[in-house]
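Colleague: I am new to this structure and would like to learn how to read charged side chains in it. Could we go through one residue with care and then look further?

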Amino acid sequence: MIETSPSPVDIVLPCLDEAEALPWVLERIPPTWRAIVVDNGSTDGSADIARALGAYVVHEPRRGFGAACHAGLTAATADVVCFCDCDASLDPALLPRVAGPVLDGVADMVLGRRRPTARGAWPAHARLANLELARLIRRRTGLRLRDLGPMRAARREALLALDLTDRRSGYPLQTVIRAADAGWRVDETDVPYHPRTGRSKVTGTWRGTWQAVRDMRAVLAEQPVPGPAAAVSGAVR
């Protein structure tokens, strides 16, 4: 059963063994906003910790970042949905800065551009891959983004209408590309990026980064899919 949210914003937090980071993350959720923790097969008690701390917990047995994100999106009921990593690398208390332009109707999607706060917060191989991805996004869509950050905000119904299909690491990229194809106004704002708690399941290793690159190449190879315009159309490029 889907739990209806009385809050103006639902925050989707994909989670795989983040027991150590969860208390800090959940205590930083903005007042009146709802945290939806999507447990993606944790074995460290993350789901129980999240539930005890007041989060709405969704279980997604299919492994994959995109599978977790989309399960959270389909469980959300608020008008605006934010996404944020659950590893304490990004501060949920800053989400009003990201969601503000969407709530005010001046942007259709806003991404948090990661700005590292310490040496090692963003591994060199991951940063280089991100720079190349930003270049490819610009060539494919015209969007002049500098980061494909995991912290983002958009309206729930518009996101669902994009008919997103990737369930792995390509999910964030597919979201941006299909939004651009639909004429959304896409913007970004700087957010601090801290060293994560625990080891990354994606960019913490060369193997994880390579798998993410493969997933994203497949998304970039997709033909443009005509989609519905967002609530207010016309992408900022």
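Modeller: Let us begin with Asp91, which, leaving aside its neighbours within four places in sequence, is in contact (heavy atoms within 4.5 Å) with Trp24, Arg28 and Met151. Please keep in mind that this is a predicted model, in which local features need pLDDT of at least 70 and side-chain atom pairs count only at pLDDT 80 or more, while totals for chains, interfaces and linings use all residues. Residues are numbered from 1 along each chain as its sequence is written, and side-chain values use heavy atoms, with hydrogens and water left out.

Colleague: With which residue does Asp91 form a salt bridge?

Modeller: Side chains of opposite charge can pair when their charged atoms come close. A salt bridge is counted when a side-chain nitrogen of Lys or Arg lies within 4 Å of a carboxyl oxygen of Asp or Glu. Here Asp91 pairs with Arg28, and their closest N and O atoms are 2.4 Å apart. Asp91 sits in the loop between strand S4 (80-83) and helix H4 (95-103), and Arg28 in the loop between helix H1 (22-27) and S2, so the pair ties together parts that are 63 residues apart in sequence. Helices (H or I, at least four residues) and strands (E, at least two) are DSSP runs, numbered from the N terminus.

Colleague: Is Asp91 buried or exposed?

Modeller: Buried means under 20% relative accessible area, exposed means over 50%, and partly exposed lies in between, using a 1.4 Å probe and protein chains only. Asp91 has 9% relative accessibility and counts as buried, whereas Arg28, at 32%, is partly exposed.

Colleague: How many salt bridges does the structure hold?

Modeller: There are twelve, and one of them joins the side chains of Asp10 and Arg34 at 3.0 Å, N to O. Asp10 belongs to strand S1 (residues 9-15) and Arg34 to strand S2 (residues 34-39), so this pair links parts that are 24 residues apart in sequence. Asp10 is buried at 0% relative accessibility, and Arg34 is also buried, with a relative accessible area of 9%.

Colleague: Which residue forms a salt bridge with Asp79?

Modeller: Asp79 pairs with Arg155, the closest N and O atoms being 2.2 Å apart. Asp79 lies in the loop between helix H3 (65-75) and S4, and Arg155 in strand S6 (residues 152-155), so the pair ties together parts that are 76 residues apart in sequence. Asp79 is partly exposed at 45%, and Arg155 is partly exposed at 22%.
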